[in-house]
Amino acid sequence: MSARSIVMGVGLAVFWVLGVCVSHQGWSDDGKAVKEESPPATDNAEPPAKKTTKKSSPATSKRNAAGAKSKSMPANAEDKPADDAVAEKDAGKDKEFDADGRRVTLPKSNGEWKKLLTPQQYQVARLKGTERAFSGKYWNNHKDGIYRCVCCGEPLFSSETKFESGTGWPSFFAPLQDESIKLEEDRSLNTVRVEVQCKRCDAHLGHVFADGPAPTGNRFCMNSASLKFEEAVGEKQSKKNRKTPRPAAK
Ligand SMILES: [Zn+2]
């Protein structure tokens, strides 16, 4: 009897323990399902996540949704750095010159200038030479635009002040800005002349004489070799490209 009752007791105990364990497993399974399956890949976690949303509070589903969104966000975030990288590459294309066409870094010696200029440009602009009359690129240029310093890109003259001097050199009655040029007394060739230099880089541009037309009466007699012409159409287009998108965004 006692043995049977012991066996029965043990059997009941085992049955009870199993039942408790099964019921506990049910709870613990749900608990584990939430804890273990939500952190790994969302694809595998989706079916249990649906179960938990039914059973548990909507807060977890919101978290899952937030997690899903945050996972999709990096894809967009990756696009933005890519655009920035492209923009940086574009900006870096013309590192030699800034957005306004000026040379960013000015050489400190004639040896460095020589590497950047043609032999004639170097001879005229850095060694104060003079090109032969009617031989330059711009004495007969009638296009609208600006003339920059061939060395540093500083805007020096405009086609609006260019006139027919008949000398064979591009001639202007005024510079774009007085601040862009500097005048030096030149006593070479047994005469006293006024040399015109680029104020930014000291390039020799030519000379200025007092026999020019109105309104200034000055004749800036320049060397084409010291200048770099920039046609107005291209400049207007580039200005449009730069400025129209921004104001339109207002
Ligand atoms: Zn210059």
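Against which elements do the buried residues of helix 5 pack? The structure is a predicted model, in which local features need pLDDT of at least 70 and side-chain atom pairs count only at pLDDT 80 or more, while totals for chains, interfaces and linings use all residues. Residues are numbered from 1 along each chain as its sequence is written.

Helices (H or I, at least four residues) and strands (E, at least two) are DSSP runs, numbered from the N terminus. Helix 5 spans residues 119–126, and Gln 121, Val 124, Ala 125 and Arg 126 are buried in it. A residue is buried if 20 or more other C-beta atoms lie within 10 Å of its own, exposed if 12 or fewer, and partly exposed in between, with C-beta atoms placed from the backbone. An α-helix has 3.6 residues a turn, so residues three or four places apart point the same way. The buried residues of helix 5 pack against helix 4 (110–116) and strand 7 (204–209). After helix 5 comes Lys 128, with a positive phi near 60°.

The largest nonpolar core has 27 residues, and Cys 151 and Cys 198 touch the most other members. A nonpolar core is a set of buried Ala, Val, Leu, Ile, Met, Phe, Trp, Tyr and Cys residues joined through C-beta atoms within 7 Å. At least two residues of this core come from each of helix 5, strand 1 (145–149), strand 2 (155–158), strand 6, strand 7 and strand 8. Strand 8 supplies the largest share, three residues. Two residues are in contact if their C-beta atoms, placed from the backbone, lie within 7 Å. Neighbours within four places in sequence left aside, the contacts of Cys 198 include Cys 149, Cys 151, Leu 156, Ile 181 and Leu 205.

Several loops hold backbone features. Leu 189, a residue other than glycine, has a positive phi near 60°. Leu 189 is placed in the loop between strand 5 (181–186) and strand 6 (193–198), and is exposed, with 8 other C-beta atoms within 10 Å. Asp 202 is not a glycine either, and its phi is positive, about 65°. The loop between strand 6 and strand 7 contains Asp 202, which is partly exposed, with 16 C-beta neighbours inside 10 Å. In the loop between strand 7 and strand 8 (219–222) lies Pro 215. The peptide bond from Ala 214 to Pro 215 is cis, with omega near 5°.
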